[in-house]
Amino acid sequence: MTDRQTQHPDRSASQHGSRRRRIVVPTVVFVVCAVLFALPTWTVVFAGAQWTSAAQVVGTAVAVAAFLALPTSMYLGHRPGPEGRVKDAWARVGDVLLGLVWIAFVWSALSLLLRLGLWFAGVDDPVRSRIVSVATAGIVVVLALWGHYEAMRTPRVRHTTVRIDRLGARFDGLRVVLVTDTHFGPLDRTTWSHRLTDAVNALEPDVLAHVGDIADGSVGRRREQAAPLESMLATSARVYVTGNHEYFGEAQEWLDHMESIGWNSLHNRHVVLHRGDDALIIAGVDDATAKGSGAPGHGADLPRALAGTDPSTPVLLLAHQPKQIGDAVRAGVDLQVSGHTHGGQIWPFSALVRLDQPVVHGLSSHGSRTQLYTSRGSGFWGPPFRVFAPSEISVLTLVAG
């Protein structure tokens, strides 16, 4: 058998798998979009409300147009390829539609409870369905406006005290400020970035940590939005680790950029703070997706990050995803700080996040020594909305045990 004959079955299987993906992926996207749009349309436009024919036609036309626009704009705005203004414009349209339809779907589903209550109260159609229709539409509009305000506002400051038994007395009261998941992207948030910097500097951090997902896009494309990071100040250290979004192609570029503006990029390495005879190790590891991304030399490696350190010295670890806590527990890390979850960003997405991550937000304990603080994040990804998941600048005050 020739080499060509030997390789032919593999090529055939690969081609078959590729064809299958080209069919399956669009089909899944179509079905998901259809479900997301169908329930709100049925709830608001039909469902026994007996609106006029003209109203039903207009409502259906709007829903169909949005249904077609969502996958189209998401593909054109987020597909791999050269960055540019047109791509960002499509991404903004797709992100807004995605956020709106998710809010509409969730509250259309919850409106079934109102419908049931009205039925028990003896309210008949079309009055019952019209009440549900108007209430659902009103709630969606209010939540969308409020959610957009929450996404675009300067993050709230959230203070948490963390007791660390091994922390030296000279580090008692150390203020660690976290910013994470800034996600500078298609929606220009340069002004927001300056406000974030002012808020951080007002806190006068000892240690300032950016725990990944700086931006969606290259340094060249997002440089202006990220520029205020250079002006963020800390008295002892400014440290950064990669998030999963850096591994869409620009991880090393962002690591190098942060070094160039005065931050310590903790690419599986550490720095040590000293106060008299006391010391604190600040270590950082690549995101959990780094190894699978194919980026040369990348992949979370905590033993490498801690190589050469004194095992008796307390460790503050930066790791983008909370689920990296297992490695931290095994290494005896005292405190891991993470982001990634956005606190769910748009309720009740937090329930889905919980399926993948051990914690959605806040301080938690793991093992006999290790604590984990998970930030809701300072920015947002994609849809410019935050519903029941406020952004935050996290201030951790470390207290000696």
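User: Hi! Is Asp-88 buried or exposed?

Analyst: Asp-88 is buried, as its relative accessible area is 7%. Buried means under 20% relative accessible area, exposed over 50%, and partly exposed in between (1.4 Å probe, protein chains only). Keep in mind that this is a predicted model, where local features need pLDDT of at least 70, side-chain atom pairs count only at pLDDT 80 or more, and totals for chains, interfaces and linings use all residues. Residues are numbered from 1 along each chain as its sequence is written, and side-chain values use heavy atoms, with hydrogens and water left out.

User: Thanks! Which side chain does Asp-88 meet in a salt bridge?

Analyst: That of Arg-222, at 3.0 Å, N to O. Asp-88 sits in helix H3 (residues 85–120) and Arg-222 in helix H6 (residues 219–226), so the pair ties together parts 134 residues apart in sequence. A salt bridge here is a side-chain nitrogen of Lys or Arg within 4 Å of a carboxyl oxygen of Asp or Glu. Helices (H or I, at least four residues) and strands (E, at least two) are DSSP runs, numbered from the N terminus.

User: And is Arg-222 buried or exposed?

Analyst: Arg-222 is buried, with a relative accessible area of 4%.

User: How many salt bridges does the structure hold?

Analyst: Twelve. One of them joins Glu-392 and Arg-158, with the closest N and O atoms 3.2 Å apart. Glu-392 is in strand S12 (residues 392–400) and Arg-158 in strand S1 (residues 156–164), so this pair ties together parts 234 residues apart in sequence.

User: New topic: where is Ile-23?

Analyst: Ile-23 is in helix H1 (residues 3–45), and at 57% relative accessibility it counts as exposed.
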